[in-house]
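Here are some notes to read alongside the model. Keep the structure open and find each residue as you go.

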Amino acid sequence: MTFETDAAGERLPNGERRRWWKEAVVYQVYPRSFADSDGDGVGDIRGIVDRVGHLDDLGVDVVWLNPVYESPQADNGYDIADYRAIDEQYGTMADWEELLDTLHDHDIRLIMDLVVNHTSDEHDWFQNALTSRDADYRDYYVWREGRDAAEVDETYDVGPDGEVPPNDWESFFGGPAWAYHEATGEWYLHLFDRKQPDLNWENPDVRDDVFEMMNWWIEKGIDGFRMDVINLVSKPEGLPSTDPEAGIRTIDRVTNGPRVHEFLGEMRDRVLDRGFLTVGEMIGDPLPVEHARRYVSPGPDGDGLSMLFHFEHVLLDRGERIWETADWDLTDLKAVFDRWQAAFADEGWNSLYLNNHDQPRMVSRFGNDGEYRRESAKLLGTLLHTLRGTPYVYQGEELGMTNYPFESLDDFRDVGTLNPVRTALDRGVVESFDAVKEALRANSRDNARTPVQWSDEEHAGFSDAEPWISVNPNYGEVNAEAERADEDSVYHYYRRLVEFRHENDVVVYGDYDPLTPDHESLWAYTRTLGDERLFVVLNFADEATTYDAPAELVGDATLALGNYDADDGVDETLDLRPWEARVYRAR
Ligand code: GLC
C-alpha cells in the first residue's frame with residue numbers, strides 16, 4: 001500500500017499548507033492494556049491485529065503504538081534493551097509485520113515510539129559500559145565522579161567513600177537522578193528510573209547508532225515517530241546543579257539544552273522527510289514558545305517536526321509532587337489552549353490531546369464522570385476535534401472510559417507512582433497512603449493503563465486471564481460492545497467527529513478565534529477558512545447556561561453536530577444544557 005505524501009503541499013485560502021498529517025486523526029494504542037490474544041493477562045500485538053476493525057470503523061488514520069521493543073518492562077517498555085527486537089510478551093517481529101500490513105490494508109498508518117533519551121540498563125551498550133571506565137560503550141552514557149558529602153548542603157543518603165551524587169538533579173520518578181556503580185567507582189545519570197540510564201548525545205557514535213536504527217524502522221515501512229521526551233537529549237555543559245533561589249529546578253536545567261536544535265536538525269537531515277508524521281514529546285513547565293516554534297518550523301532554521309506535545313494543560317491541576325494537586329478553572333484551561341492556538345497560527349502545527357498513557361482519563365479530569373459521563377465525554381471530544389491541530393485519541397477515550405477507584409498502594413503498577421510515594425512514605429514526608437489517596441486517584445498514570453473494556457464478559461473481554469492491572473469495575477456499563485450497540489453512544493459520536501473532520505477543510509485548516517476567554521463555564525469559538533465558518537459552543541458545567549451569541553454568528557446558522565437532540569431553531573440566546581456541545585455552520 002502506498003500513501004500519497006502530498007509533498008507539494010497545496011495552499012489553502014488562509015495560506016496554510018495541506019499535509020496529510022494535519023487532516024489525520026491519530027489513535028494511541030498502549031499495547032499492554034489494549035487486547036490480550038494469548039491469555040497471559042498482558043496485551044499483545046496479535047490482540048491489536050484482531051481489533052483493527054474497531055479502529056477502522058472509528059475512521060482513524062494513524063496508530064501511534066507505544067513501545068513494543070525488547071525490554072525488562074521497568075517502565076512498561078520505555079526502558080528498551082534492544083531497539084530492533086519485539087518483546088516476547090508482545091509477540092514476534094512477524095506479528096508486528098502483520099500488524100503493519102493489516103493497518104496499511106485498512107488505510108491506517110503506523111507511527112512508532114522512539115525512546116532515545118535513555119535505554120534500559122539491560123541494553124548491550126550499557127552492559128558493556130559497566131565493564132570498565134575504558135569500555136567501548138562507556139561514553140554512550142553520562143558518567144561522573146561523585147561529590148564529597150562534606151562539601152554539599154543538600155541532604156542525601158551518603159554513598160560509598162563519603163560521596164554524594166555529582167549534582168543535585170532529581171529523577172522525574174523521585175530521588176536523585178544518579179546511581180552509583182561500585183565496580184567502576186562512578187555515577188551514571190538517569191533522569192527517569194535507575195533502570196533507564198540517559199544516553200550521551202554529545203557522543204557522535206550515539207547519534208549515528210540512533211539514526212541508523214530509525215532508518216532501519218523506516219525501511220520496514222513505518223510512517224513516522226512519536227519521540228519520547230526528545231527535548232531532554234542535550235544536557236547543559238558542566239551539568240550544573242539547580243538554583244532554587246533563581247527558581248531553576250531540574251526540569252529547567254535539562255530541557256531544551258544548548259545543542260537540542262542541532263541534534264534534531266541532524267536527525268531531520270539524516271532520517272526524516274516531510275512525508276512522515278513526527279511528533280516530539282516536549283516536557284517543560286512551561287515549554288518556551290520560541291523553542292516550540294523551532295521544533296516544528298519547516299523552514300531552514302526549524303527542526304522540521306510535524307508537531308509536538310506540550311504539557312501546559314495537563315499541569316494545571318498538578319502540584320509539585322504526584323501526591324499534590326492544584327486548583328484550576330476553565331479560564332485557565334482556555335488560556336493555555338488559546339496561547340498555543342495563537343503560537344502556531346502562522347507557522348507550525350498543534351497536536352491536540354486530553355489524555356494519554358501518562359495522564360488520567362479526560363472525562364474524570366476535565367468532565368464529569370458521574371451523572372454526565374456521556375455528555376461530558378462527547379463535549380471534550382468535540383473540543384479535541386474542532387480546535388486547530390491534529391487530534392490524538394487515547395484507547396478507551398472513544399468509549400468514555402474513566403479513572404480507576406484505587407484503594408491501596410497494591411492497586412498501582414506504575415514506577416512513576418510507586419517510586420516517589422514509597423520513598424515519601426519511607427522518609428515520613430507522607431504520613432500514610434490514605435493521606436494521599438485522593439491525589440493519587442486523580443493523578444496516577446495507572447488510571448489510563450487499566451485494560452480497554454471490550455465487553456461485559458469476565459475481565460471486560462480484554463483477556464481470558466487475570467490482567468496485569470485491574471479492570472475498572474464499571475466495565476459492565478462502559479464497554480465497546482455496549483457502545484457499538486447504542487447509536488447515541490460516545491463511540492458513535494466520535495465516529496461522527498472523525499468523519500466531520502475528513503469532510504470539512506475548515507475543521508482542519510480554519511483559523512481559530514476565541515469568543516469567551518473570561519467566561520467561567522462556556523467555551524465558544526469560531527473556525528474560519530475563506531467564506532466558511534464554524535461556530536462552536538461548549539458548556540463546561542453541570543448546570544444549564546445561557547449564552548448571548550453574537551448576532552452575525554447565529555443568524556443563518558445550522559447545527560452541524562451536537563451531543564443532545566437538536567432543540568428548536570437558533571436564535572441569539574442559546575440555552576445550553578449540562579455539558580452540551582454544539583457545532584454550527586455559520587455564514
Ligand atoms: C515519556 C513517556 C513515559 C515514560 C517517560 C520515560 O514521558 O510517555 O511513559 O515513562 O517518557 O521514557
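**Notes on the predicted model**

1. Start with the overall layout. This is a predicted model. Its chain is divided into domain 1 (124–189), domain 2 (222–327) and domain 3 (504–586). The centres of domain 2 and domain 3, taken over C-alpha atoms, are separated by 34 Å.

2. Now find Glu375. This residue sits in helix H13, which covers residues 373–386. Leaving out residues up to four places away in sequence, Glu375 touches Asn563, Tyr564, Pro578 and Trp579. Tyr180 is 195 residues from Glu375 in sequence. In space, the two are 52 Å apart, C-alpha to C-alpha.

3. Trp579 also belongs to an aromatic cluster. Its members are Phe337, Tyr512, Trp523, Tyr525, Phe540 and Trp579.

4. Next, aromatic pairs. The structure holds 34 of them. Take Trp125 and Tyr137: their ring centres are 6.4 Å apart and their planes meet at 10°, so this pair is stacked. The pair links distant parts of the chain, 12 residues apart. Trp125 is in helix H5 (residues 124–129), while Tyr137 is in the loop between H5 and strand S6 (143–144). Trp125 is buried, at 12% relative accessible area. Tyr137 is partly exposed, at 27%.

5. Last, the second largest pocket. Its space is about 530 Å³. The lining has 29 residues, and those closest to the pocket centre are Arg19, Trp21, Lys22, Val296 and Pro298. By class, the lining has 12 charged, nine nonpolar and eight polar residues.

Definitions and conventions:
Residues are numbered from 1 along each chain as its sequence is written. This is a predicted model: local features need pLDDT of at least 70, side-chain atom pairs count only at pLDDT 80 or more; totals for chains, interfaces and linings use all residues. Side-chain values use heavy atoms; hydrogens and water are left out. Domain bounds come from an automatic or database domain assignment. Helices (H or I, at least four residues) and strands (E, at least two) are DSSP runs, numbered from the N terminus. Contact means heavy atoms within 4.5 Å. On a 1 Å grid over the protein atoms alone, a cavity is a set of points where a 1.4 Å probe fits but cannot get out, and a pocket is an open set with protein on both sides within 12 Å along at least five of seven lines; lining residues have an atom within 4 Å of a point. Grid points are joined across faces, edges and corners, and a volume is the space filled by probe spheres set on the points. Ala, Val, Leu, Ile, Met, Phe, Trp, Tyr, Cys and Pro count as nonpolar, Asp, Glu, Lys and Arg as charged, and the others, Gly among them, as polar. Rings of Phe, Tyr and Trp (its six-membered ring) pair if their centres lie within 6.5 Å; planes under 30 degrees apart count as stacked, over 60 as edge-to-face and the rest as tilted. Buried means under 20% relative accessible area, exposed over 50%, partly exposed in between (1.4 Å probe, protein chains only).
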